[in-house]
Amino acid sequence: MQSLGWVAIRAAGVLAGALLLLGGAAAADKVVKRHGLTLVGSLQYPPDFPHRGYANPHAPKGGSVKLHAIGSFDSFNPYIVKGDSASLAFVVETLMTSPRDEISAEYGLIAETVEVPEDLSYAIYNLRPEAQFHDGRPVTADDVIFSFNALRAKGQPFYRYYYRNIAKAERLGRHRVKFHFTGPPNRELPQITGQLPVLPKHYWEDRAFDRTTLEPPLGSGPYRIARFEPGRFVEFERVRDYWGERLPINLGMNNFDRIRIDYYRDQTVALEAFKANEYDYRSENSSKDWATGYRFPAAGAGLVHTEQVRHARPTGMQSFAFNLRRAKFRDVRVREAIGLAFDFNWSNKNLFYGQYSRTTSFFSNSGLAAAGLPGPDEKALLEPFRGRVPDAVFTREFKPPETDGSGNIRRNLRRAVRLLKAASWEVKDGRLTHAATGEKMEIEFLLVSPLFERVVAPFIRNLKRLGIEGRIRVVDSSQYINRLNAFDFDIAIASWGQSDSPGNEQRDFWSSDAAGRQGSRNLVGIRNPVVDALIEKLIAAPDRARLVAATRALDRVLLWNHYVIPQWHIRFDRIAYWDKFGKPARSPKYGNDLMSWWVDPGKAASLEERKRKLGGAQ
């Protein structure tokens with residue numbers, strides 16, 4: 001599942017799967033109303049749970065928090081391809097929501113309960129009668145149906161893919177809506193519908209849903225847009241009469257009166273702004289900045305705190321992604337050879353301060369990652385494709401090339417030369433040239449962050465030794481998104497986040513159908529019938545064991561086709577914040593949740609005084 005993870009289920013074993021889905025024993029002769037859904041084990045929170053385990057229900061409301069974003073925005077419509085939209089996560093709500101301390105689970109938000117039959121042919125959502133939009137109009141089944149139809153018909157192509165096995169949404173009553181499912185029984189479809197953003201039908205009826213807009217949208221969430229300047233900032237204010245404030249899933253959450261997000265050109269500028277307290281909280285993605293960028297007076301005086309918060313969430317794949325729509329990358333030997341020129345060990349030692357681990361799986365930091373040789377269940381899935389997948393899938397564990405970190409990679413480059421020669425590429429007059437076409441191998445690395453230049457530049461120097469001309473192209477965020485959507489790149493930095501229950505979203509990531517659909521996540525352009533077949537095996541897995549086997553089999557085929565050059569991951573969230581916050585005693589298992597924090601009035605007042613004293617002492 002895209003944000004939670006999910007898995008489909010075959011007719012055989014439907015009953016067992018349905019019991020797992022509903023988070024407990026379901027009655028055999030009727031459909032039971034449930035407060036939540038899960039795909040792994042049973043629900044952590046019972047129907048009468050008081051609040052999230054990591055939230056403080058007594059947290060004070062008030063104060064403001066300033067955050068940052070990179071790039072710009074020219075729209076408040078994040079549901080379409082056009083424009084560069086600001087996030088509406090604080091404004092628009094979904095039928096259900098997921099806490100950060102439970103993977104693959106959803107609990108009712110706009111929906112109070114959900115009903116799913118044992119054959120998984122539909123899901124009925126019973127909406128809370130008290131749920132309302134900011135204009136006081138109630139949220140009804142008509143709004144849910146409108147949202148589903150609008151997203152599928154006019155939204156980003158992703159939605160049509162995501163909702164492909166949802167036949168229709170049917171009104172059963174003012175606060176009751178039924179989603180009909182098609183295809184084999186699929187455990188993830190109820191949770192897919194649970195993630196549906198619910199938009200007000202009456203608001204959109206006289207507005208064009210498929211156009212960009214800078215009119216602050218109407219939502220039902222805990223915040224509304226108060227002020228903004230296109231491309232510069234968005235400020236959200238807490239809705240004082242928010243309908244869902246006392247829901248157990250919301251107690252102790254959404255504590256700030258105002259949230260402001262300022263937009264910066266790049267992370268270098270943004271870090272300097274943080275040091276000047278232009279904003280309050282920062283999640284750090286740069287190993288160099290984490291190692292060296294927080295040595296400034298306010299941090300030394302204790303006005304700024306830095307923490308590494310360990311998390312257990314899957315880290316997916318971050319990579320240099322090839323664009324197979326370019327003929328020069330279609331030979332797997334060429335892709336493998338180029339990957340041999342990337343010296344991760346040297347980069348980790350000299351650029352990353354040893355903070356990262358090399359990624360060796362598309363499902364890294366999870367039990368779904370392929371390891372060792374294929375087990376019996378994996379072999380059973382892979383054997384029909386023998387001869388159509390690299391032989392190494394059956395005989396070797398995938399491991400990216402290693403070096404000693406000294407910068408001497410001659411052994412890897414010699415291997416790369418042999419691969420390139422076998423693929424009809426040889427060096428002529430210092431340039432790698434295709435023997436048949438005479439094409440010179442040139443590669444443009446498309447970047448959105450200047451911080452990556454220091455990573456790519458040594459890579460390009462190594463490629464030069466193979467006769468490959470490399471160059472870096474840094475563009476702004478809008479151009480970057482547009483070029484990715486149009487597949488206009490040679491190699492780009494691409495990431496695919498994964499959950500612990502992968503499912504339908506894998507079609508959007510890797511399928512042949514998605515390869516030809518602009519705006520899809522199949523940036524690589526994979527058109528491989530074996531990959532298509534394994535995706536469907538994964539989606540149709542009847543139980544957890546076979547889901548794991550299908551995911552690992554898919555992982556091996558993706559890895560051994562060298563569609564990407566794996567980069568790195570870290571098992572910590574690196575956060576920095578000014579000393580004005582209170583926060584719960586423990587962090588959620590799957591990553592820090594800032595919306596469970598609050599402004600501590602005493603700390604906030606003390607911080608201002610300490611800043612004045614520090615400024616006067618400098």
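The model is predicted, so local features need pLDDT of at least 70, side-chain atom pairs count only at pLDDT 80 or more, and totals for chains, interfaces and linings use all residues. Residues are numbered from 1 along each chain as its sequence is written, and side-chain values use heavy atoms, with hydrogens and water left out.

Switch to a cartoon. The protein has 20 helices and 26 strands; these are DSSP runs numbered from the N terminus, helices being H or I of at least four residues and strands E of at least two. Show the C-alpha trace, which spans about 75 × 75 × 45 Å along the principal axes.

Next, select residues 233-238, strand β11. Because five of its six residues are buried, β11 is largely enclosed by the rest of the structure.

β10 and β11 run antiparallel and are joined by six bridges; strands count as paired if DSSP finds at least two bridges between them. Pick out R224, whose bridge partner in β11 is E237. Then go to the turn: three residues lie between the two strands of this hairpin, and G231 has a positive phi near 80 degrees.

Five bridges join β12 to β11, and the two run antiparallel. Select E235 to find R260 of β12 opposite.

Note on methods:
Buried < 20%, exposed > 50% of the residue type's maximum accessible area, 1.4 Å probe, protein only.
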